[in-house]
Amino acid sequence: MSAYQYQALQATGVTSKGIIEADSERHARQLLRAQGLIPTSISHFKKSHLTKHSDKLSAQDVALFTRQLATLLAAGIPVEESLSSVSEQTEKNKVRRLIIAVRSKVLEGYGLAQAMAEYPNVFPELYRATVAAGEQTGRLDLVLEKLADYTEKQQMIRQKIQQAMIYPLLMIFVSFFIIIFLLAFVVPKIIDVFTNSGQTLPAMTSVLIAISTFTKSYGIYILVFIILGLVVSNRCLKILRFRYAWHRLLLKLPIVSYLIRTVNVARYIHTFGILFAAGVSVLETMQVSSSLISNLVMRDAFTKASARVKEGVAIHQSLKDTGFLGAMAIHLISSGEKSGKLSDMMERAAEHLDNEIRRLIDTALTLLEPMIILLMGAVVLFIVLATLLPIFTMEQLVN
């Protein structure tokens, strides 16, 4: 069966679009009429129809698809039927297009991992390698369950950060524009009264006048400069040499370095545990896990660790030599090597790191809001005092 993209009229006259599977275009028209639809156009579904949508598939969509597919496979339903059922359950057209396209490749005789390889922007290397290992070992349902768990955990952490950042970002945005408005329009009119009176202004008020004048005269140029700086920085980071230097600098910053190390090591160990449990060889597991590390300096270190394991060095020793794993993780990995339960120990180490990440995120978000309030309060207090001090001075002179 092939996939066909159609446009049809409903009984109410509303136009509907979608994807349908059929043996031929004629068969597709028959299926649409059986559903009470009047087909107006039908064309064979091609990969080019999907490419413009594939980049927009969210992690949440991928996690839901993985969970549904794993559940159906665990029930003993064949892959092609499972894919068909999942495509019928989804309400998003772009997800349905993707699933039907993958199923079409499976029906042509391709493996599931090979079919997914046609869409690397949706299914990354970790996903495809894990699925391929599951197909080879006959444990595809278990592998997909682990992938769904991992994807959902990452999505939950991401959503938690996004939701927690809404209020602080809104506060920063509003406070910034209020302060700019005060400095550019309100403060100059108030200060003009004291300036025209000829009295000597306090130092704080003079500083405020200078800041207000500078903001009013050069504020737009500063904004343009910042935007240009961000654009140039983004272009420079696309060059490998500059990106490597930037990543090296990030690893030297106190708090940022700890977060980057923990997140990347957790991703590495999670990937290692999933692939190794699926039956992938140690060397291939380490190579795929290394490729998923976002920091280039760390990626090089873990790639060298893979080479050392190939030379005969123990896994825990090669990972210890990278300098990025803590004592707890190294101890767990070493115990896993000795007991033959490396994947289980990797999972425990990953859970330990996930807890560290959650603790760090919770602490940072808890401190962020009061810090923003204190900072903005200090700025507003400075403006108020700088405005009121000349008034107090005039009252003293009158008295």
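## Helix α3

The expected span of a helix is 1.5 Å times one less than its number of residues. In this predicted model, helix α3 covers residues 59–74, a run of 16 residues, and should therefore span 22 Å. The distance between its end C-alpha atoms is 22 Å, which agrees with that expectation.

The buried positions of α3 are Asp 61, Val 62, Ala 63, Phe 65, Thr 66, Gln 68, Leu 69, Ala 70, Leu 72 and Leu 73. As background to such a pattern, an α-helix has 3.6 residues a turn, so residues three or four places apart point the same way. Just after α3, Gly 76 adopts a positive phi of about 90°.

## Overall architecture and confidence

The chain contains 16 helices and three strands. Of its 399 residues, 39% count as buried. Among contacts in the chain with a separation of 6 or more, 58% join residues 24 or more positions apart.

The average pLDDT of the chain is 80, and 90% of the residues score at least 70. Among the elements, helix α13 (residues 296–310) has the highest mean pLDDT, at 92, whereas helix α2 (residues 48–54) has the lowest, at 46. Over residues 51–55, pLDDT stays under 50, and the model has five contacts beyond four places in sequence for this stretch. Where pLDDT is low, the predicted coordinates should not be read in detail.

## The largest pocket

The largest pocket holds about 1,100 Å³ of space. Its lining comprises 38 residues, of which Gln 154, Ile 157, Arg 158, Val 263 and Arg 267 are the closest to its centre. Two or more lining residues come from each of the elements α3, α7 (125–137), α8, α11 (254–277) and α16 (342–398).

By class, the lining of the largest pocket consists of 27 nonpolar, seven polar and four charged residues. Arg 158 and Arg 267, both among the residues closest to the centre of this pocket, belong to the charged class.

## The second largest pocket

The lining of the second largest pocket divides into 14 nonpolar, two polar and one charged residues.

## The enclosed cavity

The count of cavities of 30 Å³ or more comes to one. The largest cavity contains about 40 Å³ of space. Its lining is formed by Arg 139, Leu 142, Val 143, Lys 146, Ala 277 and Ala 278.

Helix α8 (residues 140–197) gives the most to this lining, with three residues. The lining of the largest cavity includes four nonpolar residues, no polar residues and two charged residues.

## Helix α12 and its packing

Helix α12 spans residues 282–291, and its buried residues are Thr 285, Met 286, Val 288, Ser 289 and Ser 290. These buried residues pack against α7, α11, α13 and α14 (315–320).

Ile 260 lies in helix α11. Its relative accessible area is 17%; because the cut-off for a buried residue is under 20%, Ile 260 counts as buried. Beyond residues up to four places away in sequence, Ile 260 touches Leu 250, Leu 251, Asn 295 and Met 298. Ile 260 and Ile 293 are 33 residues apart in sequence, and their C-alpha atoms are 9.9 Å apart in space.

Met 171 is located in helix α8. With a relative accessible area of 15%, Met 171 is also buried. Apart from neighbours within four places in sequence, Met 171 is in contact with Glu 369, Ile 372 and Ile 373. Met 171 and Met 376 are 205 residues apart along the chain, and their C-alpha atoms are separated by 9.2 Å.

Definitions and conventions
Residues are numbered from 1 along each chain as its sequence is written. This is a predicted model: local features need pLDDT of at least 70, side-chain atom pairs count only at pLDDT 80 or more; totals for chains, interfaces and linings use all residues. Side-chain values use heavy atoms; hydrogens and water are left out. Helices (H or I, at least four residues) and strands (E, at least two) are DSSP runs, numbered from the N terminus. Buried means under 20% relative accessible area, exposed over 50%, partly exposed in between (1.4 Å probe, protein chains only). On a 1 Å grid over the protein atoms alone, a cavity is a set of points where a 1.4 Å probe fits but cannot get out, and a pocket is an open set with protein on both sides within 12 Å along at least five of seven lines; lining residues have an atom within 4 Å of a point. Grid points are joined across faces, edges and corners, and a volume is the space filled by probe spheres set on the points. pLDDT is the predictor's confidence in each residue, from 0 to 100. Contact means heavy atoms within 4.5 Å.
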